[in-house]
Each structure stands twice: as structure tokens, then as C-alpha cells.
Amino acid sequence: MLFFTQCFGAVLDLIHLRFQHYKAKRVFSAAGQLVCVVNPTHSLKYAPTRCAAAQTSTEQGILSPCHHHEAVHDPQLVPCTCPLFSCPWEGHLEVVVSHLRQTHHINILQGAEIVFLATDMHLPAPTDWIIMHSCLGHQFLLVLRKQEKYEGHPQFFATMMLIGTPTQADNFTYRLELNRNQRRLKWEATPRSVLECVDSVISDGDCLVLNTSLAQLFSDNGSLAIGIAITTSKVHNAEAEM
């Protein structure tokens with residue numbers, strides 16, 4: 001009976017996920033957008049601690065515990081950019097994507113426009129929804145986080161970050177769009193670099209911020225669909241033409 005109950009529960013979860021994916025494809029298929037269903041993950045670390053520690057380590061030239069063979073801290077090494085775990089990994093910017101995919105199993109989608117469908121919005125904070133987006137020859141990290149910025153008042157924070165340098169990030173513009181029940185909400189900005197740390201971006205409020213009531217207004221049966229579009233900035237286009 002216990003085995004049957006567990007199997008039946010797993011089947012119901014799969015049916016629920018399939019149904020959500022079908023609904024999303026039905027809604028957005030007319031626009032030709034790729035839909036990605038993203039399940040939540042509970043954060044297993046206190047995010048600001050890692051960012052502060054990484055910054056302090058870089059400033060003081062302290063070695064990471066996993067780099068015993070190095071005599072001097074390499075300033076070109078960056079810490080793990082996954083906001084879910086306290087990961088001691090460090091490496092060059094060019095291999096960050098491989099680390100995120102292989103170690104943290106973060107999926108990557110391709111296309112200029114996609115729909116990010118976050119499920120189970122009712123789960124308690126802190127909760128994260130994460131995916132990588134490959135577009136225009138670069139990789140971006142989309143993070144949706146449910147967090148209590150003030151005790152007892154959870155909020156949703158969504159941001160897009162370039163897995164690259166701040167100079168490279170200035171060449172792009174990203175747009176996050178919520179559209180439901182004849183209501184539309186857009187956020188457009190220049191992506192920040194992952195070198196700046198997603199936790200700092202959220203703390204600064206330089207992202208799309210939704211309170212619980214607003215998130216519920218745009219959600220459908222506990223899922224929130226966010227349309228994502230990335231373009232090159234006008235300044236970058238003008239330079240390319242010259």
C-alpha cells in the first residue's frame with residue numbers, strides 16, 4: 001500500500017506538470033514562444049553570506065579552501081554564481097555555464113523570446129526559480145526569488161543577469177512581461193553581470209519586484225508566466241553599423 005501510494009502520488013505530480021505545460025503552450029503558441037516550466041527550489045544557503053565572503057576573499061587575496069595548490073589568489077577566478085547553494089567552486093568566467101549545468105543541473109534554453117513558467121508560487125520563502133537563457137551568442141541567468149525583505153511580507157524579485165563582464169552586459173536590454181486578464185506589466189532594463197552577485201541586485205531593488213497580491217493577480221492556478229525578450233542595445237547597434 002505504501003509503494004502504491006508513493007507511485008500514485010508521483011503519477012499525479014507528473015500529470016499536474018504536464019497539464020501546466022499544456023496550458024502554457026496553448027496560451028503562448030500563437031506568439032510562437034518557447035515555454036519552459038520551471039519548478040521551485042528551496043534555497044539551501046544564506047545568500048548574502050557567500051557574496052560578502054567572496055568579496056572579502058577577493059579584496060584580501062585569501063585562498064579558497066579548494067585551491068590549496070595556488071600561492072596567490074587569481075583575480076580572474078569568479079565564485080559560483082548559483083544562488084541556491086553555498087558552493088565553494090571558483091573558476092574562470094568562460095566555464096561558469098558548464099559548472100551550472102553539470103554541477104547544479106540548471107537547464108538552458110535557446111531563443112530570443114521565451115516564456116518562463118514558474119510553478120507552485122504559494123510555497124514559503126525563501127524559494128528560487130532559475131534557468132539559463134542562451135541568446136544572441138551569450139548566456140543569461142534568469143532568477144525569480146520569493147523572499148521576505150520585511151518579516152511577514154514575502155515579495156517576488158525577478159532579474160536577468162549576463163554570464164559575462166559588466167562591459168558586455170551594457171550591450172543588451174532585457175524585458176520581462178506579465179500578461180493576464182487584460183492586464184500587462186513590463187520591466188525593461190540593462191542586465192547586470194553575474195560578477196555583481198544576484199543577491200546584491202535584489203537587495204538594491206534593481207529588478208522586477210512584485211508583492212504577493214500583485215503576483216496572485218497575474219498567476220494562474222499557482223503558476224506565474226513571465227515573457228522574456230533580449231535585444232542588443234541601441235548604442236551597441238549604432239557602433240556595429242559604424
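Student: So buried means under 20% relative accessible area, exposed means over 50%, and partly exposed is in between (1.4 Å probe, protein chains only). What share of the chain's residues count as buried?

Tutor: Of its 242 residues, 43% count as buried. Keep in mind that this is a predicted model, where local features need pLDDT of at least 70, side-chain atom pairs count only at pLDDT 80 or more, and totals for chains, interfaces and linings use all residues. Residues are numbered from 1 along each chain as its sequence is written, and side-chain values use heavy atoms, with hydrogens and water left out.

Student: Got it. How many helices and strands does the chain have?

Tutor: There are seven helices and 14 strands. Both are DSSP runs numbered from the N terminus: helices are H or I with at least four residues, strands are E with at least two.

Student: And what share of the contacts join residues 24 or more positions apart?

Tutor: Counting contacts with a separation of 6 or more, such residues account for 61%. A contact means heavy atoms within 4.5 Å.

Student: New topic: how many aromatic pairs are there?

Tutor: The count comes to two. Rings of Phe, Tyr and Trp (its six-membered ring) pair if their centres lie within 6.5 Å; planes under 30 degrees apart are stacked, over 60 edge-to-face, and the rest tilted. Trp-129 and Phe-156 have ring centres 6.4 Å apart and planes at 40°, so this pair is tilted.

Student: Where do Trp-129 and Phe-156 sit?

Tutor: Trp-129 is in strand E7 (residues 127–135) and Phe-156 in strand E9 (residues 153–162), so the pair ties together parts 27 residues apart in sequence. Trp-129 and Phe-156 are both buried.

Student: What about Phe-140 and Phe-172: what kind of pair do they form?

Tutor: An edge-to-face one, at 5.4 Å centre to centre with 85° between the planes. This pair links distant parts of the chain, 32 residues apart: Phe-140 belongs to strand E8 (residues 138–150) and Phe-172 to strand E10 (residues 172–180).

Student: Are those two buried or exposed?

Tutor: Phe-140 is buried at 0% relative accessible area, and Phe-172 counts as buried at 4%.

Student: How accessible is Cys-82?

Tutor: Cys-82 has 0% relative accessibility, so it counts as buried. Cys-80 is buried too, at 2%.
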